[in-house]
Amino acid sequence: MKNNEYRLRIGDSVLGMRFRPARYTALFRDYLGRECAREEPDVRMDFRITSRQQEAPVDNSLFTSKLLTNRGFEISGGLIKGHYDRAAQYGKIRVHEALMVVPTIRVFEQLLYQAFFSSKDGGSRDAYLIHSCGVIHGGSGYLFVGPSESGKSTVARLSLPDTVLNDELNLLLFSDNKITLCGTPFNGLFKEKSEGYCELKSVFLLRQGLEHKLVREPGAEAVKAVLREIVPPIGLDEVITPQAREEMLDLAIRLRETVPVYRMEFQPNRGFWQLIDQKIGNERGRE
Amino acid sequence: MKNLSAVPVPSGELTVKKIGTETIILTETGEELHTLDETGTFVWSQIDGKQTLDQMLDNLCTEYDVDREEAQKDLFVFINLLQKKGLVFLG
C-alpha cells in the first residue's frame with residue numbers, strides 16, 4: 001500500500017481508500033482478502049472512522065436511507081456523512097465505527113458500490129452490479145439470482161470445483177450483443193471465491209424446492225424478479241431518482257432479451273448442474 | 001356500478017414498458033412493480049385519458065370477440081384493481 005492507500009479493483013475500475021485511524025485500512029483489506037491493486041485509482045476516498053456521534057441503528061440499505069444535504073450527503077441517520085467532488089473524483093467521508101465491524105461492515109460495502117458507479121461517470125454506463133451468485137461452469141457464465149435466503153451461498157458451495165466468482169454480488173458488463181459476467185471482491189457467506197470473468201450464458205431465478213426443476217421464464221415475471229436484485233446505479237453524490245429506476249428496469253429487460261432466464265427449484269445437492277447441462281444442451285440442439 | 005361514460009386516466013409518473021405481449025408498470029417511487037398479462041396489456045393500451053369505458057368495451061369486444069356483458073364485468077373488475085393499486089383514476 002502506498003501512502004496507506006488501499007486500492008480495490010472492481011471490474012475495470014479501481015477505488016483508492018485511506019482510513020483514519022490507519023489501522024482500519026489493513027482491517028478492511030484483510031476483511032476483503034484482496035491484494036492492493038497497482039493501478040492508479042479512478043476514485044479516491046478518505047474515510048474518517050469516528051465514534052463521536054451517538055450510535056444509531058444501522059439501516060440495511062445505504063441507498064434508501066441516503067439524503068443529499070447542502071454539504072454533501074448523509075446516510076443512515078448520519079452514521080455516514082460526506083462530500084464527493086465529482087470533478088476531482090475525490091470523496092471525504094466520515095463513517096461511524098459501528099459500520100466497521102462484522103457483520104455490519106457488509107452494509108458499509110454498499111458505499112463502495114456507489115463509489116464504483118462514481119468511477120463510471122463521464123463514460124457510457126455499461127457495467128451494473130447485481131445481487132447474485134456467479135459461477136463459471138464448462139467455460140460458460142451462469143448467474144443465480146434471488147433474495148436473501150433463496151440459496152445463493154448454497155449454490156456456490158455445491159458448485160465447487162467449478163469456479164465460483166461470488167455468492168453475493170457480481171458485475172455484468174454489457175456490450176453490443178453479449179454480457180460478460182465478472183466477480184467482485186465483496187463478501188458473501190462463501191469464502192472460496194475466485195477472480196475471473198466469462199460470457200454470461202443463462203440466468204436462474206432461485207427457489208429451494210422438493211426436487212430439481214428448471215422452467216423457462218420468458219415474460220415480464222423474469223424482468224420483475226431480476227429488477228429486484230439490481231443495485232441502484234447511483235454515484236456517491238446521487239440518490240435514487242425515477243430516472244435511475246427506469247435505467248434499472250431497462251437493464252433488467254436487456255438482460256432478459258440477451259440471455260435465457262429460468263426459474264430454478266433445487267435441493268441441496270449438485271444434481272441441479274446435471275439438469276442445467278441437459279436442459280441447456282437440449283435447447284442449444286434445437287436452435 | 002361504474003358509469004360507462006367515465007374516462008380512466010393513468011395516475012402520476014408511471015414507467016411503463018411492454019415486454020412481448022405483457023407489460024410492466026413501475027410506480028413513481030419505484031416501490032411497486034406491476035405486471036399485466038396480454039389482455040391487461042390490451043386494456044392498458046386503451047387507457048389514454050380520452051377514451052370512455054364504453055369505447056374501451058367496444059374495442060375489447062372487437063379484439064377478443066367476447067360477449068359484451070361478460071366483457072363489461074371483467075373490464076370493471078380490472079379497472080377497480082388498477083384504481084386500488086393507484087395506477088389509474090376515473091375522470
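Two strands are taken to pair if DSSP finds at least two bridges between them. The model is predicted. In β15(A), Arg263(A) is the bridge partner of Val215(A). Chain A is divided into domain 1 (6–119) and domain 2 (127–286), and chain A is also in contact with chain B, through twelve residues from chain A and 13 residues from chain B.

**Strand β15 of chain A and its neighbours**

- Strand β14 (residues 213–216) of chain A pairs with β15(A) in the antiparallel sense, over four bridges.
- The pairing of strand β13 (residues 197–208) of chain A with strand β15 (residues 261–266) of chain A is parallel and runs over six bridges.
- Arg263(A) in β15(A) is the bridge partner of Leu205(A), and Arg263(A) is likewise the bridge partner of Val215(A).

**Strand β8 of chain A and its neighbours**

- β8(A) is mostly covered, as nine of its eleven residues are buried.
- With strand β9 (residues 140–145) of chain A, β8(A) pairs in the antiparallel sense over six bridges.
- These two strands, β8(A) and β9(A), form a hairpin with two residues between them. In the turn, Gly138(A) has a positive phi of about 60°.
- With strand β11 (residues 169–174) of chain A, β8(A) pairs in the antiparallel sense over five bridges; Leu172(A) in β11(A) is the bridge partner of Tyr128(A).
- With strand β10 (residues 163–166) of chain A, β8(A) pairs in the antiparallel sense over three bridges.
- Val135(A) has Tyr142(A) as its bridge partner in β9(A), and Val135(A) stands opposite Val164(A) in β10(A).

**Helix α2 of chain A**

- Helix α2 (residues 105–119) of chain A has 15 residues, which at 1.5 Å a residue should span 21 Å; the end C-alpha atoms are 21 Å apart, in agreement with that expectation.
- Because twelve of the 15 residues of α2(A) are buried, the helix is largely enclosed by the rest of the structure.
- The buried residues of α2(A) include Val107(A), Phe108(A), Leu111(A), Leu112(A), Tyr113(A), Phe116(A) and Phe117(A). Among the others buried in this helix are Gln110(A), Gln114(A) and Ser118(A).
- The strands of chain A against which the buried residues of α2(A) pack are β1 (6–10), β2 (13–20), β3 (43–50), β6 (80–85), β7 (90–96) and β8 (127–137).

**The two domains of chain A**

- The C-alpha centres of domain 1 of chain A and domain 2 of chain A lie 26 Å apart.
- Domain 1 of chain A contributes 20 residues to the contact, and domain 2 of chain A contributes 18 residues.
- On the side of domain 1 of chain A that touches domain 2 of chain A, the elements giving two or more residues are β1, β4 (66–69) and α2 of chain A.
- The largest share of that side of domain 1, eight residues, comes from α2(A).
- By class, this side of domain 1 of chain A has eleven nonpolar, four polar and five charged residues.

**The largest nonpolar core**

- The largest nonpolar core has 91 residues, of which Leu15(A), Val145(A), Phe204(A), Leu205(A), Val226(A) and Ala252(A) touch the most other members.
- α2(A) supplies the largest share of this core, eight residues.
- At least three residues of this core come from each of domain 1 (6–119) and domain 2 (127–286) of chain A.
- Residues up to four places away in sequence aside, Phe204(A) touches Tyr142(A), Phe144(A), Val145(A), Tyr262(A) and Met264(A).

**Chain B and its contact with chain A**

- The contact between the chains takes 13 residues from chain B and twelve residues from chain A.
- On the side of chain B that touches chain A, the elements giving two or more residues are β2 (15–19), β3 (22–26) and β4 (33–36) of chain B.
- β3(B) gives the most to that side, with four residues.
- The residues on this side of chain B divide into four nonpolar, five polar and four charged.

**Trp44 of chain B**

- Trp44(B) is placed in helix α1 (residues 38–46) of chain B.
- Trp44(B) counts as buried because 21 other C-beta atoms lie within 10 Å, where 20 or more are required.
- Not counting residues up to four places away in sequence, Trp44(B) touches Thr23(B) and Leu36(B).
- Trp44(B) and Glu28(B) are 16 residues apart along the chain, and their C-alpha atoms are separated by 17 Å.

Key. Residues are numbered from 1 along each chain as its sequence is written. Chains are lettered from A and ligands numbered from 1 in the order in which they are written. This is a predicted model: local features need pLDDT of at least 70, side-chain atom pairs count only at pLDDT 80 or more; totals for chains, interfaces and linings use all residues. Two residues are in contact if their C-beta atoms, placed from the backbone, lie within 7 Å. The expected span of a helix is 1.5 Å times one less than its number of residues. Domain bounds come from an automatic or database domain assignment. Ala, Val, Leu, Ile, Met, Phe, Trp, Tyr, Cys and Pro count as nonpolar, Asp, Glu, Lys and Arg as charged, and the others, Gly among them, as polar. A nonpolar core is a set of buried Ala, Val, Leu, Ile, Met, Phe, Trp, Tyr and Cys residues joined through C-beta atoms within 7 Å.
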